[in-house]
Amino acid sequence: RMTKKRGAGGLSSAELSSLLDDMRGVQAVERRAPAKPARRYDTSFETLPGFADLANQRAAGEALGLSNPYYRLHEARAGAAARVEGREVANFASYDYLGLNGHPEITAAVSAAARDWGTSVSGSRLTAGERPAHRALEAALADLYGAEAALAFVSGHATALSVIATLLGNRDLIVFDALMHNCVTLGAQLSGATRRSFPHNDLAALEAVLKRERDRHERVLIVTEGLFSMDGDGPDLAGLVALKERYGAWLMVDDAHALGVLGARGHGIAEHCGLDPAGVDIWFGTLSKTLVSCGGYIAGKESLIQYLKAFAPGMVYSVGLPVGVAEAARVAIELMRREPERVARLQGISRAFRDRVHQLGFDVGPAWGYGIVPVIVGNTLKTVMLAERMLKRGVNVFPVLPPGVPERSARLRFFLSAAHTDAHLEAAIAVLTEEGAALGLIRR
């Protein structure tokens, strides 16, 4: 039987009285203690890394009378010519290598696709299903590379991130050319694999890495580009295939800028080098350049494609390509194969343009003269000034600055197109000559 009267919460009167005394004591101490000031947090976006640098660069440009070269407004379809901020210009800043952007057959296919299928597939292909256009495009891509299968993603950049992070983990090694595109370096970071780069196209340095580290890792991936977008050169593909076989590695080639540009039929770096494309384990590319659409692709073994369809986040958790986007790329492949003269013209005018620029006294680096011709100025300010002066005189070419390229290697990057006329090319050469001389970059 209970011998003490219990109060609220099951406490005895004595216990409750003691608890109240303790609480009064704590409250008295709190009243005497000065209040601690609340910490203030700066939540402005201006505190983000690099924001101050952007502001300084903008202010410096304004002080020098230079406009911002980024995100310029284009007011018409970009091709060999464009309208930029109200000015008609010869355009050397777009990827339309074969001059297919706006081709009537492609436009008609996109229009029909929008009419019949709408503008979205409204979900992931895993859950919302595939459309015939997805499978037709992937069959055409696989055929280009003599591969067993291919897979098209909704973003080119996200393709590399997703695929590399899916295939590699913390017990693996990825070794990539030092000039690889950002999508590969970020994918390598995301994967958690050990990362090593080798000097551009230096196979001896690559082998030294493989010799030193291959046995420490479970899987190894070597990555290079078929045509490097900043320098306009490519790799020794045969040498890379030999190394990947010798050291038991996978070889991945980013053929984004090579498709439609290299090889007699535009089939890319493998055709250019006269090699069986089956020697490359993972072909990666984008639909946004020669194929005048948007998205990315992987081609290779059926087992690779099935694995990516099940596990690659960029496929499983992302919406599928709109049917019109897939159709644009598929028809572009048809046109490239049907009209090889486009590839031949692109290659001919590219080599001639590179040679003439070099003869003027400009540094064109190691460019092969296929589609991409860099004009390496070195000085960042003079590069921006040269680009702006050329734009004012009707030639649109984009300045590429550090950190996009190494320090002291700022450049103008000319993208050639089969649709460029002789008048476009002559205008570019004339303006480059005159403005380059005015800035002291060459002697006339």
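# Pockets, rings and salt bridges

The second largest pocket holds about 580 Å³ of space. It has 28 lining residues, and those closest to its centre are His 181, Asn 182, Ser 229, Met 230 and Arg 413. For a pocket, a 1.4 Å probe on a 1 Å grid over the protein atoms alone finds an open set of points with protein on both sides within 12 Å along at least five of seven lines, and lining residues have an atom within 4 Å of a point. The volume is the space filled by probe spheres set on the points, which are joined across faces, edges and corners.

A quick note before going on: this is a predicted model, where local features need pLDDT of at least 70 and side-chain atom pairs count only at pLDDT 80 or more, while totals for chains, interfaces and linings use all residues. Residues are numbered from 1 along each chain as its sequence is written, and side-chain values use heavy atoms, with hydrogens and water left out.

Helix 6 (156-167), helix 7 (182-191), strand 8 (282-286), strand 12 and strand 13 (410-415) each bring at least two residues to its lining. Helices (H or I, at least four residues) and strands (E, at least two) are DSSP runs, numbered from the N terminus. By type, the lining of the second largest pocket splits into 14 nonpolar, eight polar and six charged residues. Here Ala, Val, Leu, Ile, Met, Phe, Trp, Tyr, Cys and Pro are nonpolar, Asp, Glu, Lys and Arg are charged, and the others, Gly among them, are polar.

Two or more lining residues come from each of helix 2 (51-63), helix 15 (380-392) and strand 12 (398-400). Helix 2 is the top contributor to the lining of the largest pocket, giving six residues. Sorted by type, the lining of the largest pocket has 15 nonpolar, six polar and three charged residues.

Searching the whole structure turns up one cavity of 30 Å³ or more, a cavity being a set of points where the probe fits but cannot get out. The volume of the largest cavity is about 40 Å³. Around the largest cavity sit Gly 79, Ala 80, Asn 91, Ser 94, Tyr 95, Asp 96, Phe 415, Leu 416, Ser 417 and His 420. That lining is four parts nonpolar, five polar and one charged, counted in residues.

## Rings that meet

How many aromatic pairs does a search of the whole structure find? It finds nine. One of them is Tyr 97 with Phe 415, an edge-to-face pair at 6.1 Å centre to centre, with 70 degrees between the planes. This pair ties together distant parts of the chain, 318 residues apart: Tyr 97 is in the loop between strand 2 (87-91) and helix 3 (104-117), and Phe 415 is in strand 13. Tyr 97 and Phe 415 are both buried. Phe 415 also turns up in the lining of the largest cavity.

Tyr 307 and Phe 311 make a tilted pair, 4.7 Å centre to centre and 40 degrees between the planes. These two share helix 11 (residues 302-311), sitting four residues apart, or about one turn of the helix. Tyr 307 is partly exposed, at 38% relative accessible area. Phe 92, Phe 353 and Phe 414 are joined into a cluster by ring pairs. In all this, rings of Phe, Tyr and Trp (its six-membered ring) pair if their centres lie within 6.5 Å; planes under 30 degrees apart are stacked, over 60 edge-to-face, the rest tilted.

Tyr 95, another cavity-lining residue, has the charged end of Lys 289 over its ring, 4.6 Å from the ring centre. (That takes NZ of Lys or CZ of Arg within 6 Å of the ring centre and within 35 degrees of the ring normal.)

## Salt bridges

The whole structure has 30 salt bridges, each a side-chain nitrogen of Lys or Arg within 4 Å of a carboxyl oxygen of Asp or Glu. Here are some of them:

| Salt bridge | N to O distance |
|---|---|
| Glu 75 and Arg 83 | 3.7 Å |
| Arg 83 and Glu 88 | 3.3 Å |
| Arg 125 and Glu 130 | 2.7 Å |

Arg 83 bonds with Glu 75 and also with Glu 88. Arg 83 is partly exposed because its relative accessibility is 29%, and Glu 75 is partly exposed at 36%. Glu 88, at 55%, counts as exposed. The cut-offs are under 20% relative accessible area for buried, over 50% for exposed and in between for partly exposed (1.4 Å probe, protein chains only).
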